[in-house]
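Here's a two-chain model to look at together.

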Amino acid sequence: MTLIGPIKFAIDLLAVLLLALGIKGLSKVRSAREANRLAAIAMLLAAFGVLMNSQGTIGISIHSWVWIISGTLIGGLLGAITAKKVPMTAMPEIVALFNGCGGMSSLLVALGVALFPSSEGSDGVVSELVRNFSIVVSLFVGAITFSGSIVAMAKLQGWLLTPSWTQSKSRHFFNILCAVLALIGGIYLSIDGQNGLFLLVVASSFLGIGVTLPIGGADMPVVISLLNSYSGVAAAAAGFVVGSQLLIVAGAMVGAAGLILTQVMCDGMNRSLVSVLFGGALGASSVTGGGGGEYKNITSCSPEECALTLEAAERVVIVPGYGLAVAQAQHTLREVTRVLESADIEVTYAIHPVAGRMPGHMNVLLAEADVPYEQLKEMDVINPEFPATDVVLVLGANDVVNPQAKNDQTSPLYGMPVLDVQEARTVFVVKRGMSAGYSGIKNDLFDLQNTSMVFGDAKKVLGDLLVELKELGVGSKG
Amino acid sequence: MSFFSEALWVLLLGSLLGLELIGKVPPTLHTPLMSGANAISGITMLAALTLIIQSGDNLPLLIIGSISLGFALFNVIGGFLVTDRMLAMFSRKKTLK
């Protein structure tokens, strides 16, 4: 019986070690899958540790077991089904959904402890003020994480549009009001542990909505990553509430790692976190300064002409972007490239660090469509190869192929790493219309002599292209 | 206050560790890493478990704890499985070659 304490301690240490190794391993391609499993095992161990320790010391009643098992089964089963069913293109919104639920969980724990203070969290070792404060933090961050993540998911799914009032200054007043109300609720709650609870939860929830709602689709991954970091903070706060060191370590690790990842994502997009959070959607503020102007020399062409040019090419580079992911055209794209490859045309894919709906998402989508891993080239590798390329096919990408980032010092894009597609002999840009990318900036590429626009939805254009290529007899070797 | 001061050290060191753990991440892995880290943030399930265990016969508290546990496990199990699904596609491509 006296052994239980030390064993629990050992299990906790092991779990923390495995979690750290897991996060570390997840950042390397070779070890990522094992690392993910390692982290899962660590979580299992940690849960086992809690159950074993409680059973051995205070005992777990039958009641508790019933509620533990039902919660586990329902949540786990729904999670497993969701994970199996969700299409790869919906990855950003599913991460947001999972993340929101994590925040909700921390919120509920704090709510439970706040409503029924008799359930002493950690045998009285945490003084009352500290515990109340932990409850406040857990409620505040948990509520923001939940409401923010759900809004992010709904916006990415297209269930929610961006209301126009959120683009005006009034949203700042709304958010400040929510923050002030949450602060008042929080102060009340930390002093007496009862009052202010409702105010705090409602105001923080509205704050989460108010902050996330104005943000445009392309910036959303940064927000999800940030909310992911918050859910770590919420977990750490819940750790203070119930007095679990393990929870504090794990929450802090995820919170900090999430912050770094958010920063890495921002760098890739040449955006600062501040401008993502306060700049509003679609760079409404960024059209100031350089980068404006009218298009003078747009050439548009049909899928048929595009097919003719492709047929004559030897080296083709595909530049997939956000538009391809939104149109879910990765499988059609793969069919087109199969036809080209069977005609001995060399096909590679240029992957910009932030291609897709979130960084790294494009690699996942193309992997799903059976594109061989070694055909995916990162920006630094592919850029010197563009001058030797016959045809570049830009599919729903915009800002990442804008030469302004290199040439025009006055452009807001200046300094962002871009793909030098204009160096190629011919560039086709498949795009739905002439609207600007999410930066709201004119793309000089479209005006160039060697660029032709193919207007239409990426999936439809690729489908037409496939038909044309087949009619031309490309790839059907006789 | 001893738990509190210890816990603050733990918080500080855990945060520093998290900052150091991921320095250079290849862009390919941003999405899986985010998803994996997200699954780990479901560790708050331990808090939900503790809440249920300590709530005795308090039915509303048991229910709150159980719902909280359900949300956390939805996050954990869904998160790990979906991350594995993504990573499986990378490794399949590699072994095929």
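Predicted model: local features only at pLDDT ≥ 70, side-chain atom pairs only at ≥ 80, totals over all residues.

Residues are numbered from 1 along each chain as its sequence is written, while chains are lettered from A and ligands numbered from 1 in the order in which they are written.

Let's start with chain A. Its C-alpha trace spans about 80 × 50 × 35 Å along the principal axes. Chain A has 17 helices and six strands (DSSP runs numbered from the N terminus: H or I of at least four residues for helices, E of at least two for strands). Of its 478 residues, 55% are buried, a label for residues with 20 or more other C-beta atoms within 10 Å of their own, whereas 12 or fewer is exposed and anything in between is partly exposed, with C-beta atoms placed from the backbone. Among contacts in chain A with a separation of 6 or more, 79% join residues 24 or more positions apart; a contact here is two residues whose C-beta atoms, placed from the backbone, lie within 7 Å.

Now for a pair of helices. H6(A), residues 170-192, packs with H7(A), residues 197-212, at an angle of about 155°, their axes 8 Å apart (axes are lines fitted to C-alpha atoms, for helices over the stretch in contact, and angles run from 0 to 180 degrees between N-to-C directions). The contact includes Phe174(A) and Leu181(A) from H6(A), and Leu200(A) and Phe206(A) from H7(A). It divides into 14 nonpolar residues, five polar and one charged (Ala, Val, Leu, Ile, Met, Phe, Trp, Tyr, Cys and Pro are nonpolar, Asp, Glu, Lys and Arg charged, and the others, Gly among them, polar).

How do H11(A) and H17(A) lie to each other, then? The axes of H11(A), residues 303-312, and H17(A), residues 458-471, come within 9 Å and cross at roughly 55°, so the two helices are oblique to each other. Cys306(A) and Leu310(A) are among the H11(A) residues in this contact, with Val461(A) and Leu465(A) among those of H17(A). By class, there are seven nonpolar, no polar and three charged residues.

Next, the inside. The largest nonpolar core has 194 residues; such a core is a set of buried Ala, Val, Leu, Ile, Met, Phe, Trp, Tyr and Cys residues joined through C-beta atoms within 7 Å. H4(B) gives the largest share of this core, 17 residues. Val319(A) is one of the residues with the most contacts inside the core. Neighbours within four places in sequence aside, Val319(A) touches residues including Ala350(A), Val394(A) and Leu419(A).

Finally, where do the chains meet? Their contact takes 81 residues from chain B and 105 from chain A. On the chain B side, H1, H2, H3 and H4 each supply at least two residues, and H4(B) gives the largest share, 32 residues. That side of chain B divides into 48 nonpolar, 27 polar and six charged residues. As for H3(B), 10 of its 10 residues are buried, so this helix is largely enclosed by the rest of the structure. After H3(B) comes Gly56(B), with a positive phi near 55°.

Definitions and conventions: Parallel < 35°, antiparallel > 145°, perpendicular 65-115°, else oblique.
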